[in-house]
Amino acid sequence: MRQSDIIYLSTLFNIMTRLILLALVLIIGAAFGQSPDYDLLLQGGHVIDARNNISAIRDVAVKDGKIAAVAEHINPQFALKTVSVKGLYVTPGIVDIHVHAYASTGERASYAGDYSVWPDGFTFRTGVTTVADAGSSGYKNFEDFKEHIIDRSKTRVLAFVNIVGAGMRGSKFENNLADMEPEPVAELAKKYPQVIVGVKTAHFGGPEWTPVENAVKAGTLANIPVMVDFGANRPERPIEILLTQKLRPGDIYTHCYSGLRNELTSDGKVNPGMIEGRKRGVIFDVGHGGGSFAWRVAVPAIQQGFLPDSISSDLHITSMNSGMKDMLNIMGKFLAMGMTLDQVIQWSTWNPAREIHHEELGNLSVGSPADIAVLRLEKGNFGFTDMYGARMNGTQKLRCELTVRAGKVVYDLNGITRPDWKTLPKNYTRTGDKRWDAITPAPTKP
Ligand SMILES: [Zn+2]
């Protein structure tokens, strides 16, 4: 026999063996009334998972709300629902560690009220499955926030608690040095370790270091990071001292491309304090917001090699329709500045998950929660604007096609998981199955 005949025969033998094995599995499975191995199979997408060093075509299978398998080929015979995601990117659900989501109080001109947004209206349609509220509540109103928003949202909502007891209710409250006690914040964080991920200090106008120092005290007592919005730019407390002396490794400097606190020196160089802070382990987060991202800061900083550790939105009612828009729009800005898709995904998934000490999130490891985004990278002529309304053109834009939260489809832009209506019975009603579908699951039979 020739070499090619041998290869042909052995391939044939291989296929026959597989078919026999498959038949056996199916017969045994049917005999014992087995449920399928997987509830949902996303087939043929380009998986980007920084935690596991994957950027390649992979199938992803989900069972009981967890990632069950990631492999080059997963047999659809073993899945209840198979969806082709060819040509799309499959990433961990996006983790946005800076939002304002305490929208339920009705308080006017307050982030513990009207300035906040209801998270589910903004998250799933942009591939976001986890948000961390950045200090809208303090220890005095956190439990109200938890009861009305955190516990009622489909989005996973985590929280940085404000060092100000009253929370983010306006400058009268946020400049009250008498309401910045570390102990009750630390006690609260220990009471809710699954939800409280850090301590926030923000918007302080005075010359004192008290808010930062007390936030760090609370963070140390509860062993959680501090996130700093450094407020007014004061010569008495320069950013260099904050980053090289006051913050601990693992603490987070948000709004890092705002330029509002000398992030760039007057000659356009990245502040040496930022570089020194990064060497010490301080984390640099985007926190775009309505007024915290300028091209004239971000572009030179990135050209000088000062990349972000994480991308976050600072979503609130002013930023939502400004240059910020949403996480995918901000990620598109970094693509426009020449960053790779793999980098941009890592900064929006695995890095922020690690920063808030939730390493079960932001990855597609087997056993991790099945929070997944399926994204389309559109090519064309696009524009991206900054806090001052200045535009940068770009040729790529990310759009969310499908979002899976805890193993179930919660958003499906083009109905790629749904049957064509013409294939259904004349009087069709709900078409899904609650094992993979959280949008229109068919009612369970009694
Ligand atoms: Zn904010």
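I began with K325, which counts as partly exposed because its relative accessibility is 38%; here buried means under 20% relative accessible area, exposed over 50% and partly exposed in between, with a 1.4 Å probe and protein chains only. I was working on a predicted model, in which local features need pLDDT of at least 70 and side-chain atom pairs count only at pLDDT 80 or more, while totals for chains, interfaces and linings use all residues. Residues are numbered from 1 along each chain as its sequence is written, and side-chain values use heavy atoms, with hydrogens and water left out.

**Entry 1: two positive phi values**

I placed K325 in the loop between α8 and α9, taking helices (H or I, at least four residues) and strands (E, at least two) as DSSP runs numbered from the N terminus. K325 is not a glycine, yet its phi is positive, about 70°. Most residues other than glycine have a negative phi. I then looked up H255, also not a glycine, and found a positive phi near 65°. H255 sits in the loop between β11 (252-253) and α7 (272-280), and it counts as buried because its relative accessibility is 2%.

**Entry 2: helix α9**

How many of the ten residues of α9 are buried? Nine of them are, which leaves the helix mostly covered; M327, L328 and F334 are among the buried ones. The cover over the buried residues of α9 includes β6, β7 (128-138), α8, α10 (341-348), β13 (372-385) and β14, where contact means heavy atoms within 4.5 Å. After α9 comes G338, with a positive phi near 95°.

**Entry 3: the zinc site**

Which residues coordinate the zinc ion? I found H98 (NE2), H100 (NE2) and D314 (OD), at 2.1 to 2.4 Å. Donors are N, O and S atoms within 2.8 Å of the metal (3.2 Å for Na, K and Ca), and since water is not among the atoms, sites may look incomplete. The donor spacing in sequence reads H-x1-H-x213-D. H98 belongs to strand β6 (residues 94-99) and D314 to the loop between α8 (295-303) and α9, so this pair ties together parts that lie 216 residues apart in sequence. I noted both H98 and D314 as buried.

**Entry 4: pockets**

I turned to the open spaces, where the largest pocket has a volume of about 310 Å³. The search uses a 1 Å grid over the protein atoms alone: a cavity is a set of points where a 1.4 Å probe fits but cannot get out, a pocket is an open set with protein on both sides within 12 Å along at least five of seven lines, and lining residues have an atom within 4 Å of a point. Grid points are joined across faces, edges and corners, and a volume is the space filled by probe spheres set on the points. The largest pocket is lined by 15 residues, with R125, T126, D326, L328 and L398 closest to its centre. Helix α9 (327-336) and strand β14 (391-405) each supply at least two lining residues, and β14 gives the largest share, four.

The second largest pocket holds about 210 Å³. Its lining numbers 16 residues, and H203, D229, H255, S292 and D314 are the closest to its centre.

**Entry 5: cavities**

I recorded three cavities of 30 Å³ or more in the whole structure. The largest has about 120 Å³ of space and 17 lining residues, of which D96, F122, T123, S313 and L315 lie nearest its centre. Both β6 and β7 give two or more residues to that lining. The second largest cavity has about 60 Å³ of space, and its lining includes H203, W209, D229 and R237.

**Entry 6: N351**

Last, I looked at N351 in helix α11 (residues 350-355), which is buried because its relative accessible area is 10%. A polar atom of the N351 side chain lies 2.9 Å from the backbone oxygen of D309. Leaving out residues up to four places away in sequence, N351 touches D309 and Q346.

Key
A polar contact is a pair of N or O atoms within 3.5 Å; within protein, one must be able to donate a hydrogen and the other to accept it, and residues adjacent in sequence count only if both atoms are side-chain atoms.
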